[in-house]
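Subject: Structure handover and what was found in it

Dear colleague,

I am passing on the structure that we spoke about, and I would be glad if you could look through it before reading the notes that follow.

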Amino acid sequence: MIDTHCHLTFPDYEGRVDEELRLAREAGVHTVITVATGVPNGLQTVALAQQHDRLFATTGVHPLHAHEGPHDWALMIETAKHPKCVAFGELGLDNHYDAEHRPVQHAVLDQQLEAIAGSGMDLPIVVHCREAFDELIPILQKTGIPGSRFVFHCFTAGPREMEMLLAFGAWASFTGVVTYKNAKDVQEAAAMVPEGRIMVETDAPFLTPKPHRGVRPNAPRFVPYIARSLAQLRGVDQTPFERTLDANATRFFRLPA
Ligand SMILES: [Zn+2]
(Lines give C-alpha, C1' and ligand atoms only; values in the text may rest on other atoms or scores of the structure.)
Protein backbone atom coordinates (compact mmCIF):
# COMPACT_ATOMS: atom_id res chain seq x y z
CA MET A 1 0.00 0.00 0.00
CA ILE A 2 0.92 3.68 -0.28
CA ASP A 3 0.79 6.19 2.59
CA THR A 4 -0.01 9.34 0.59
CA HIS A 5 0.46 11.82 3.45
CA CYS A 6 2.63 11.87 6.55
CA HIS A 7 5.27 14.11 8.09
CA LEU A 8 8.49 12.13 8.54
CA THR A 9 10.59 15.30 8.97
CA PHE A 10 8.80 16.06 12.26
CA PRO A 11 10.87 15.65 15.46
CA ASP A 12 8.83 12.53 16.39
CA TYR A 13 10.89 10.54 13.84
CA GLU A 14 14.32 12.00 14.43
CA GLY A 15 16.87 9.22 13.89
CA ARG A 16 14.04 6.73 13.29
CA VAL A 17 13.02 7.23 9.67
CA ASP A 18 14.87 4.11 8.47
CA GLU A 19 13.18 2.06 11.16
CA GLU A 20 9.71 3.48 10.38
CA LEU A 21 10.12 2.79 6.66
CA ARG A 22 11.34 -0.73 7.40
CA LEU A 23 8.34 -1.40 9.66
CA ALA A 24 6.09 0.08 6.96
CA ARG A 25 7.51 -2.27 4.31
CA GLU A 26 6.98 -5.23 6.65
CA ALA A 27 3.34 -4.16 6.96
CA GLY A 28 3.01 -4.00 3.17
CA VAL A 29 3.36 -0.22 2.88
CA HIS A 30 5.95 0.03 0.10
CA THR A 31 5.67 3.72 -0.80
CA VAL A 32 5.34 6.87 1.34
CA ILE A 33 4.86 10.59 0.62
CA THR A 34 6.21 12.96 3.28
CA VAL A 35 4.40 16.29 3.11
CA ALA A 36 5.83 19.78 3.71
CA THR A 37 4.34 22.44 5.97
CA GLY A 38 6.59 25.33 4.86
CA VAL A 39 9.12 26.23 2.14
CA PRO A 40 12.19 25.41 4.30
CA ASN A 41 10.45 22.19 5.39
CA GLY A 42 10.00 21.42 1.66
CA LEU A 43 13.80 21.38 1.33
CA GLN A 44 13.92 18.91 4.22
CA THR A 45 11.23 16.62 2.79
CA VAL A 46 13.03 16.49 -0.57
CA ALA A 47 16.41 15.87 1.10
CA LEU A 48 14.90 13.02 3.11
CA ALA A 49 13.19 11.57 0.02
CA GLN A 50 16.55 11.53 -1.78
CA GLN A 51 17.86 9.13 0.86
CA HIS A 52 15.10 6.53 0.40
CA ASP A 53 14.04 4.81 -2.77
CA ARG A 54 10.26 4.74 -2.29
CA LEU A 55 9.91 7.95 -0.30
CA PHE A 56 8.58 11.04 -2.10
CA ALA A 57 8.15 14.67 -1.03
CA THR A 58 6.02 17.80 -1.48
CA THR A 59 6.58 21.53 -0.98
CA GLY A 60 4.19 24.24 0.19
CA VAL A 61 2.96 26.31 3.14
CA HIS A 62 0.41 24.84 5.57
CA PRO A 63 -2.29 27.34 6.61
CA LEU A 64 -1.34 27.06 10.28
CA HIS A 65 2.22 28.11 9.31
CA ALA A 66 1.09 30.94 7.04
CA HIS A 67 2.01 33.58 9.63
CA GLU A 68 5.63 32.34 9.73
CA GLY A 69 6.53 34.34 6.59
CA PRO A 70 7.90 35.85 4.50
CA HIS A 71 7.68 32.86 2.18
CA ASP A 72 10.12 32.37 -0.67
CA TRP A 73 7.77 31.39 -3.49
CA ALA A 74 10.57 31.22 -6.05
CA LEU A 75 12.34 28.68 -3.84
CA MET A 76 9.10 26.69 -3.49
CA ILE A 77 8.83 26.47 -7.30
CA GLU A 78 12.52 25.49 -7.61
CA THR A 79 12.04 22.76 -4.97
CA ALA A 80 8.99 21.45 -6.83
CA LYS A 81 11.16 20.78 -9.90
CA HIS A 82 13.13 18.10 -8.06
CA PRO A 83 12.27 14.61 -9.40
CA LYS A 84 11.45 13.41 -5.86
CA CYS A 85 8.94 16.25 -5.31
CA VAL A 86 5.55 14.93 -6.46
CA ALA A 87 3.11 17.66 -5.34
CA PHE A 88 2.54 21.15 -3.99
CA GLY A 89 1.12 21.52 -0.50
CA GLU A 90 -0.19 21.11 1.95
CA LEU A 91 -1.97 24.44 1.48
CA GLY A 92 -5.44 25.75 2.24
CA LEU A 93 -7.46 27.23 5.09
CA ASP A 94 -7.98 26.19 8.71
CA ASN A 95 -10.94 27.75 10.50
CA HIS A 96 -10.65 25.44 13.50
CA TYR A 97 -7.42 26.84 14.92
CA ASP A 98 -5.55 30.07 14.53
CA ALA A 99 -8.39 32.63 14.47
CA GLU A 100 -5.98 35.53 14.99
CA HIS A 101 -4.14 34.74 11.74
CA ARG A 102 -7.12 34.21 9.41
CA PRO A 103 -6.33 37.25 7.23
CA VAL A 104 -2.71 36.05 6.91
CA GLN A 105 -3.92 32.55 5.94
CA HIS A 106 -5.95 34.09 3.11
CA ALA A 107 -3.15 36.35 1.86
CA VAL A 108 -0.60 33.51 1.89
CA LEU A 109 -3.02 31.14 0.16
CA ASP A 110 -3.59 33.68 -2.63
CA GLN A 111 0.16 34.25 -3.10
CA GLN A 112 0.87 30.55 -3.06
CA LEU A 113 -1.81 29.66 -5.62
CA GLU A 114 -0.63 32.50 -7.85
CA ALA A 115 2.94 31.20 -7.72
CA ILE A 116 1.76 27.68 -8.56
CA ALA A 117 -0.55 28.77 -11.39
CA GLY A 118 2.15 31.10 -12.75
CA SER A 119 4.83 28.40 -12.68
CA GLY A 120 3.28 26.53 -15.58
CA MET A 121 3.93 23.30 -13.65
CA ASP A 122 1.13 20.79 -13.49
CA LEU A 123 1.98 18.93 -10.27
CA PRO A 124 -0.99 17.83 -8.14
CA ILE A 125 -1.88 19.91 -5.06
CA VAL A 126 -2.51 18.65 -1.51
CA VAL A 127 -5.24 20.68 0.23
CA HIS A 128 -5.73 21.20 3.97
CA CYS A 129 -9.34 22.30 4.52
CA ARG A 130 -10.67 22.46 8.04
CA GLU A 131 -14.16 23.92 8.51
CA ALA A 132 -13.53 26.05 5.43
CA PHE A 133 -15.21 24.35 2.43
CA ASP A 134 -17.57 27.23 1.64
CA GLU A 135 -14.67 29.70 1.53
CA LEU A 136 -11.95 27.57 0.02
CA ILE A 137 -13.60 25.84 -2.95
CA PRO A 138 -14.52 29.13 -4.70
CA ILE A 139 -10.92 30.36 -4.15
CA LEU A 140 -9.49 27.20 -5.73
CA GLN A 141 -12.02 27.42 -8.57
CA LYS A 142 -10.96 30.98 -9.39
CA THR A 143 -7.36 29.88 -10.08
CA GLY A 144 -8.51 28.05 -13.20
CA ILE A 145 -6.57 24.97 -12.08
CA PRO A 146 -8.79 21.92 -12.74
CA GLY A 147 -10.44 20.39 -9.67
CA SER A 148 -8.95 17.02 -10.58
CA ARG A 149 -5.47 18.31 -9.61
CA PHE A 150 -6.51 18.78 -5.96
CA VAL A 151 -6.78 16.21 -3.17
CA PHE A 152 -8.55 17.26 0.02
CA HIS A 153 -6.39 15.47 2.54
CA CYS A 154 -7.64 14.24 5.93
CA PHE A 155 -11.32 14.66 5.05
CA THR A 156 -13.12 15.17 8.38
CA ALA A 157 -16.32 16.95 7.29
CA GLY A 158 -19.67 15.44 6.27
CA PRO A 159 -21.88 14.61 3.27
CA ARG A 160 -22.67 18.26 2.44
CA GLU A 161 -18.98 19.17 2.14
CA MET A 162 -18.29 15.96 0.22
CA GLU A 163 -20.93 16.92 -2.34
CA MET A 164 -19.17 20.28 -2.84
CA LEU A 165 -15.77 18.60 -3.15
CA LEU A 166 -17.04 16.08 -5.72
CA ALA A 167 -18.86 18.76 -7.73
CA PHE A 168 -15.56 20.67 -7.89
CA GLY A 169 -13.97 17.52 -9.33
CA ALA A 170 -11.40 17.02 -6.56
CA TRP A 171 -10.15 13.84 -4.87
CA ALA A 172 -10.73 12.89 -1.22
CA SER A 173 -8.24 11.28 1.15
CA PHE A 174 -9.00 9.69 4.51
CA THR A 175 -7.02 9.24 7.73
CA GLY A 176 -7.51 7.24 10.92
CA VAL A 177 -10.41 9.55 11.78
CA VAL A 178 -12.65 7.39 9.57
CA THR A 179 -11.94 4.43 11.90
CA TYR A 180 -13.24 6.26 15.01
CA LYS A 181 -16.64 5.25 16.34
CA ASN A 182 -17.86 8.85 16.74
CA ALA A 183 -17.02 9.84 13.13
CA LYS A 184 -20.40 8.96 11.58
CA ASP A 185 -20.47 12.01 9.26
CA VAL A 186 -17.00 11.26 7.92
CA GLN A 187 -17.95 7.62 7.35
CA GLU A 188 -21.14 8.61 5.54
CA ALA A 189 -19.10 10.99 3.33
CA ALA A 190 -16.46 8.30 2.68
CA ALA A 191 -19.13 6.01 1.23
CA MET A 192 -20.03 8.72 -1.33
CA VAL A 193 -16.63 8.99 -3.06
CA PRO A 194 -16.38 7.35 -6.51
CA GLU A 195 -13.89 4.49 -6.59
CA GLY A 196 -11.53 6.42 -8.89
CA ARG A 197 -11.16 9.47 -6.63
CA ILE A 198 -10.42 8.08 -3.16
CA MET A 199 -7.05 7.76 -1.38
CA VAL A 200 -5.71 6.89 2.09
CA GLU A 201 -3.04 8.39 4.31
CA THR A 202 -1.96 8.32 7.95
CA ASP A 203 -1.19 12.06 8.43
CA ALA A 204 1.37 10.68 10.90
CA PRO A 205 2.46 11.68 13.54
CA PHE A 206 -1.22 12.58 14.16
CA LEU A 207 -4.47 10.57 14.21
CA THR A 208 -3.43 6.96 14.81
CA PRO A 209 -6.21 4.66 13.49
CA LYS A 210 -8.10 2.10 15.54
CA PRO A 211 -7.19 -0.45 16.93
CA HIS A 212 -3.91 1.35 17.76
CA ARG A 213 -5.49 4.71 18.59
CA GLY A 214 -3.38 5.22 21.72
CA VAL A 215 -0.03 4.69 19.92
CA ARG A 216 2.11 7.85 19.53
CA PRO A 217 3.46 8.77 17.12
CA ASN A 218 1.24 7.43 14.35
CA ALA A 219 3.29 5.92 11.49
CA PRO A 220 2.96 4.85 7.82
CA ARG A 221 2.75 1.16 8.84
CA PHE A 222 -0.80 1.78 10.10
CA VAL A 223 -2.30 2.80 6.74
CA PRO A 224 -3.78 -0.67 6.04
CA TYR A 225 -6.14 -0.22 9.03
CA ILE A 226 -7.63 2.84 7.34
CA ALA A 227 -8.06 0.94 4.07
CA ARG A 228 -9.75 -1.92 5.94
CA SER A 229 -12.16 0.43 7.66
CA LEU A 230 -13.04 2.15 4.37
CA ALA A 231 -13.55 -1.19 2.61
CA GLN A 232 -15.93 -2.27 5.36
CA LEU A 233 -18.04 0.86 5.30
CA ARG A 234 -18.14 0.86 1.47
CA GLY A 235 -19.12 -2.83 1.46
CA VAL A 236 -16.23 -4.01 -0.74
CA ASP A 237 -13.47 -6.65 -0.31
CA GLN A 238 -10.28 -5.32 1.22
CA THR A 239 -7.68 -6.78 -1.15
CA PRO A 240 -9.07 -5.47 -4.45
CA PHE A 241 -9.88 -2.17 -2.71
CA GLU A 242 -6.25 -1.82 -1.60
CA ARG A 243 -5.17 -2.34 -5.21
CA THR A 244 -7.59 0.38 -6.29
CA LEU A 245 -6.22 2.76 -3.64
CA ASP A 246 -2.65 2.10 -4.80
CA ALA A 247 -3.57 2.61 -8.44
CA ASN A 248 -5.36 5.86 -7.54
CA ALA A 249 -2.38 7.27 -5.61
CA THR A 250 0.04 6.21 -8.35
CA ARG A 251 -2.10 7.96 -10.96
CA PHE A 252 -2.81 11.13 -8.94
CA PHE A 253 0.78 11.70 -7.80
CA ARG A 254 2.26 10.19 -11.02
CA LEU A 255 4.54 7.96 -8.98
CA PRO A 256 7.13 5.89 -10.82
CA ALA A 257 6.30 2.18 -11.03
ZN1 LIG B 1 -0.50 16.86 7.03
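Helices (H or I, at least four residues) and strands (E, at least two) are here DSSP runs, numbered from the N terminus, and those labels are used throughout this message. Please keep in mind that this is a predicted model.

As background, most peptide bonds are trans, and most residues other than glycine have a negative phi.

The loop between E8 and H8 also holds Asp-203, whose phi is near 55°, a positive value in a residue other than glycine. Leu-207 lies in the loop between E8 and H8 as well, and Leu-207 has a positive phi of about 60° although it is not a glycine. A residue counts as buried if 20 or more other C-beta atoms lie within 10 Å of its own. Asp-203 is therefore buried, with 24 C-beta neighbours inside 10 Å, and Leu-207 is buried because 20 other C-beta atoms lie within 10 Å.

Turning to the sheet, you will find 8 strands in an open arrangement, in the order E1-E2-E3-E4-E5-E6-E7-E8 and with parallel pairing. Its edge strands are E1 (2-6) and E8 (198-200), each of which pairs on one side only, and neighbouring strands are turned against each other by 30° on average, direction ignored.

Going along part of that order, strand E2 (residues 31-34) is joined to E3 by 3 bridges and the two run parallel, with Thr-34 standing opposite Ala-57 in E3. Strand E3 (residues 55-59) is in turn joined to E4 by 3 bridges, again in parallel, and there Thr-58 stands opposite Ala-87 in E4. E4 and strand E5 (residues 125-130) then pair in the parallel sense over 5 bridges, where the bridge partner of Leu-93 is Cys-129 in E5. Strand E4 (residues 85-94) is mostly covered, since 10 of its 10 residues are buried.

Helix H5 (residues 133-142) packs on this sheet and touches E4, E5 and strand E6 (150-152), and its direction makes about 135° with that of E4.

Two helix pairs deserve a look. The axes of H3 (residues 73-80) and H4 (residues 102-119) come within 10 Å and cross at roughly 45°, so H3 and H4 are oblique to each other, and their crossing is right-handed. In this contact Trp-73, Met-76 and Ile-77 of H3 meet Gln-111, Gln-112, Ala-115 and Ser-119 of H4, a set that divides into 4 nonpolar, 3 polar and no charged residues.

In the other pair, H8 (residues 223-234) and H9 (residues 238-252) pack at an angle of about 115° with their axes 9 Å apart, and they are therefore roughly perpendicular to each other, while H8 passes H9 in a right-handed crossing. Here Ala-227, Arg-228 and Ala-231 in H8 meet Gln-238, Phe-241, Glu-242 and Leu-245 in H9, and these residues divide into 4 nonpolar, 1 polar and 2 charged.

With kind regards

Definitions and conventions
Residues are numbered from 1 along each chain as its sequence is written. This is a predicted model: local features need pLDDT of at least 70, side-chain atom pairs count only at pLDDT 80 or more; totals for chains, interfaces and linings use all residues. Axes are lines fitted to C-alpha atoms, for helices over the stretch in contact, and angles run from 0 to 180 degrees between N-to-C directions. Angles under 35 degrees count as roughly parallel, over 145 as roughly antiparallel, 65 to 115 as roughly perpendicular and the rest as oblique. A crossing is left-handed if the near helix is turned anticlockwise from the far one by less than a right angle, and right-handed if clockwise. Two residues are in contact if their C-beta atoms, placed from the backbone, lie within 7 Å. Ala, Val, Leu, Ile, Met, Phe, Trp, Tyr, Cys and Pro count as nonpolar, Asp, Glu, Lys and Arg as charged, and the others, Gly among them, as polar. A residue is buried if 20 or more other C-beta atoms lie within 10 Å of its own, exposed if 12 or fewer, and partly exposed in between; C-beta atoms are placed from the backbone. Two strands pair if DSSP finds at least two bridges between them.
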